[in-house]
Amino acid sequence: MQEKNMAGSGPSNNDYFYPGSTVKCTTCYGDDIQGEVTAFDHDTKILILKQPSSCGKAELNNVTMLNLDLIQSVSVIKECTDTPLPTLASLNSLKLLDRYKEEIELKMALAKARSVGVSDDGIKLYNFLRKTMPDCRWTEQTILVMDEVVVKPPYQPDNCAVKDLKQSQSSPSQCLNHVKNIVERFHKEERLKSHPHGT
């Protein structure tokens, strides 16, 4: 096993980590991170490792980006012997930029919600709703879904209502029923997390 001490200086001109190799990195905090090299940029000293998915799904992977300036040592467990080196899939930069913007907007929205006193349950429900109904936003402590349904504190199914009261009196809303079902499912899953064995 080949070990390279990195702390303080980063990689030397001769230090390269080839895609497909397996390495173990020890951080400046003493944590060990092991994975398969996906990419390495010598100039920025960034090493990207692929690891088995933490959710256990075989078709997914965790990806860790490491700044080698913060790594004490790297042990090369297995060198990649493939020739030619595996090619990386091309990335759609516009999609990546859109996802980056969406994540920034989400973090800003959640920070604003926290600042006006939204509860942990409210934050969790908002994230849960966004998985199936991305068109959600906050208006103070109220979640507005599809600009049609509001979910008010304490964020129970009974706290769901149609935004436009005239519309709610004239005809039942499919969106309202759908949101209520999602809110019920959210609370059911939360109860199961708190009491996994029904105790």
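Biologist: How do helix α1 and helix α2 pack, and at what angle and axis distance?

Modeller: Two packed helices are described by the angle between their axes and the distance between those axes. Here, in a predicted model where local features need pLDDT of at least 70, side-chain atom pairs count only at pLDDT 80 or more, and totals for chains, interfaces and linings use all residues, helix α1 (residues 93-115) and helix α2 (residues 120-132) pack at about 155 degrees with their axes 10 Å apart. Residues are numbered from 1 along each chain as its sequence is written, and side-chain values use heavy atoms, with hydrogens and water left out. α1 and α2 are therefore roughly antiparallel (angles over 145 degrees count as such).

Biologist: Which residues of α1 and α2 meet?

Modeller: With contact meaning heavy atoms within 4.5 Å, L106, A109, L110, A113 and R114 in α1 meet D120, I123, Y126, N127 and R130 in α2. The residues of this contact divide into 6 nonpolar, 1 polar and 3 charged.

Biologist: How are the rings of F17 and F40 arranged?

Modeller: A pair of aromatic rings is described by the distance of the centres and the angle of the planes. Rings pair if their centres lie within 6.5 Å, with planes under 30 degrees apart counted as stacked, over 60 as edge-to-face and the rest as tilted. The centres of F17 and F40 lie 5.0 Å apart with planes at 85 degrees, so the pair is edge-to-face. F17 belongs to the loop between β1 (2-5) and β2 (22-27), and F40 to strand β3 (residues 32-41), 23 residues apart.

Technical notes. Axes fitted to C-alpha atoms, helices over the stretch in contact; angles between N-to-C directions. Helix = DSSP H or I, 4+ residues; strand = E, 2+ residues; numbered from the N terminus. Parallel < 35°, antiparallel > 145°, perpendicular 65-115°, else oblique. Nonpolar A, V, L, I, M, F, W, Y, C, P; charged D, E, K, R; others polar. Phe/Tyr/Trp six-rings, centres within 6.5 Å; stacked < 30°, edge-to-face > 60°.
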